[in-house]
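Please review the structure shown below.

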Protein chains: 2
Amino acid sequence: MEKLREHIEQIARISDEEFEYIRTFFSLKRVRKNQYLISEGDEVKYEFMVLSGIYKVFYADAQGKEFIVQFAQKDWWMSDYQAFFKQQVATMYIECVEEGEVLFSTLHTREKLSSELHQMEHFFRIKLTNGYVAQQQRIKLLLSSTPHQRYEAFSKLYPNLLQRLPKKVIAEYLGVSRETLSRLYSK
Amino acid sequence: MEKLREHIEQIARISDEEFEYIRTFFSLKRVRKNQYLISEGDEVKYEFMVLSGIYKVFYADAQGKEFIVQFAQKDWWMSDYQAFFKQQVATMYIECVEEGEVLFSTLHTREKLSSELHQMEHFFRIKLTNGYVAQQQRIKLLLSSTPHQRYEAFSKLYPNLLQRLPKKVIAEYLGVSRETLSRLYSK
């Protein structure tokens with residue numbers, strides 16, 4: 001839980017007493033490679049804060065083809081946010097790509113802590129701001145017309161993911177074939 | 001300015017006194033069709049809240065080809081948010097597609113009001129939450145493989161834009177040709 005405190009305090013000041021209260025709302029979960037945290041059709045009760053490991057958020061079409069919406073790693077929050085915020089069933093999946101640990105909590109937690117502690121509302125607002133900007137980058141990357149541009153943008157934004165993720169997964173994220181990706185790597 | 005108050009009070013309760021204070025931070029601007037609110041290379045000092053009209057947020061590649069990141073209409077906030085939050089120069093454009101009015105304010109305003117009034121921090125957090133979910137939808141739309149799927153998703157999300165926007169602009173947003181779009185319309 002010390003990591004949760006460090007994470008919050010990167011953005012917002014909280015007292016010892018406040019943290020003792022906040023921590024009671026979060027639970028720890030170890031996640032194995034290929035384990036699912038959310039599957040299409042599930043009720044989405046939780047959002048997850050990544051302590052370690054890498055996760056992919058994706059959806060699948062009727063033929064089972066996967067479309068990766070985003071990756072998440074240390075200090076990222078993830079969920080099927082449309083379903084989470086609107087308390088609907090999931091239209092996406094979250095799967096663990098590299099094993100690790102996450103904290104999880106409910107929408108009730110987010111709203112209750114935000115309403116009771118101005119500093120926590122601040123924390124969640126700033127995290128959303130960062131997430132919003134990252135998504136805008138993701139949209140730009142998807143709009144970029146050539147595989148080369150996508151690869152360049154991705155490697156600038158997330159150089160560590162380029163090292164840690166299987167090439168197959170990166171190819172999916174970029175929407176290019178394995179062969180095209182290998183050609184880009186070798187340049 | 002009454003519209004600003006209505007807009008805030010859809011999400012957060014504020015007193016008359018608080019609103020008199022808040023309103024001093026916002027200015028009104030009338031925008032003509034094809035007028036730019038932000039151009040690539042500009043310092044991004046402002047974010048805009050749409051009172052009326054339709055706007056497109058896009059960037060352009062080296063050949064001048066436009067890629068539409070999002071549309072904005074009544075009650076939406078828009079800016080080149082990466083540049084706005086990080087106080088960098090714009091990498092995108094915002095252009096008016098249908099004339100209207102916007103309110104504009106600075107990053108300083110957003111942070112100051114959020115810090116002084118818990119209710120305003122709540123307001124901005126909830127607006128960001130909605131924006132984040134809309135962007136996740138946009139990403140899903142872009143990842144969808146067929147023009148038909150993109151068109152279906154768009155017409156479900158924004159039926160009014162389908163009526164109001166020129167077909168050329170919708171085709172750009174969906175990343176399909178005019179001819180393809182006409183075929184989709186006629187179905």
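**Briefing on the two-chain model**

B:Lys56 is placed in strand β4 (residues 54-60) of chain B; helices (H or I, at least four residues) and strands (E, at least two) are DSSP runs, numbered from the N terminus. The model is predicted: local features need pLDDT of at least 70, side-chain atom pairs count only at pLDDT 80 or more, and totals for chains, interfaces and linings use all residues. Residues are numbered from 1 along each chain as its sequence is written, chains are lettered from A and ligands numbered from 1 in the order in which they are written, and side-chain values use heavy atoms, with hydrogens and water left out.

**Surroundings of B:Lys56**

- B:Lys56 is buried, at a relative accessible area of 7%; buried means under 20% relative accessible area, exposed over 50%, and partly exposed in between (1.4 Å probe, protein chains only).
- The side chains of B:Lys56 and B:Glu66 are joined by a polar contact of 2.8 Å. Such a contact is a pair of N or O atoms within 3.5 Å; within protein, one must be able to donate a hydrogen and the other to accept it, and residues adjacent in sequence count only if both atoms are side-chain atoms.
- Leaving aside residues up to four places away in sequence, B:Lys56 touches residues including B:Ile68, B:Phe71, B:Tyr93, B:Val97 and B:Glu172; contact means heavy atoms within 4.5 Å.

**Interface of chain A and chain B**

- Chain A contributes 38 residues to the contact, and chain B contributes 38 residues.
- About 3,800 Å² is buried between the two chains, 61% of it on carbon and sulfur atoms; buried area is the accessible area (1.4 Å probe) that two parts lose on being put together, summed over both.
- A:Arg125, A:Tyr132 and A:Leu143 supply 20% of the area that chain A buries against chain B, more than any other three residues.
- Between the chains, 22 residue pairs are in polar contact (both at pLDDT 80 or more).
- On the side of chain A that touches chain B, β5 (66-72), α3 (81-86), α4 (107-116) and α5 (118-143) each supply at least two residues.
- The largest share of that side, 19 residues, comes from α5(A).

**Salt bridges**

- Over all chains the structure holds 24 salt bridges, and 4 salt bridges are found across the interface of chain A and chain B; a salt bridge is a side-chain nitrogen of Lys or Arg within 4 Å of a carboxyl oxygen of Asp or Glu.
- B:Glu111 and A:Arg125 form a salt bridge (2.9 Å, N to O). B:Glu111 lies in helix α4 (residues 107-116) of chain B and A:Arg125 in helix α5 of chain A, so the pair joins two chains.
- B:Glu111 is partly exposed, at 28% relative accessible area, whereas A:Arg125 is buried, at 0%.
- B:Glu47 and B:Arg110 meet in a salt bridge (2.8 Å, N to O). This pair links distant parts of the chain, with B:Glu47 in strand β3 (residues 46-50) and B:Arg110 in helix α4 of chain B, 63 residues apart.
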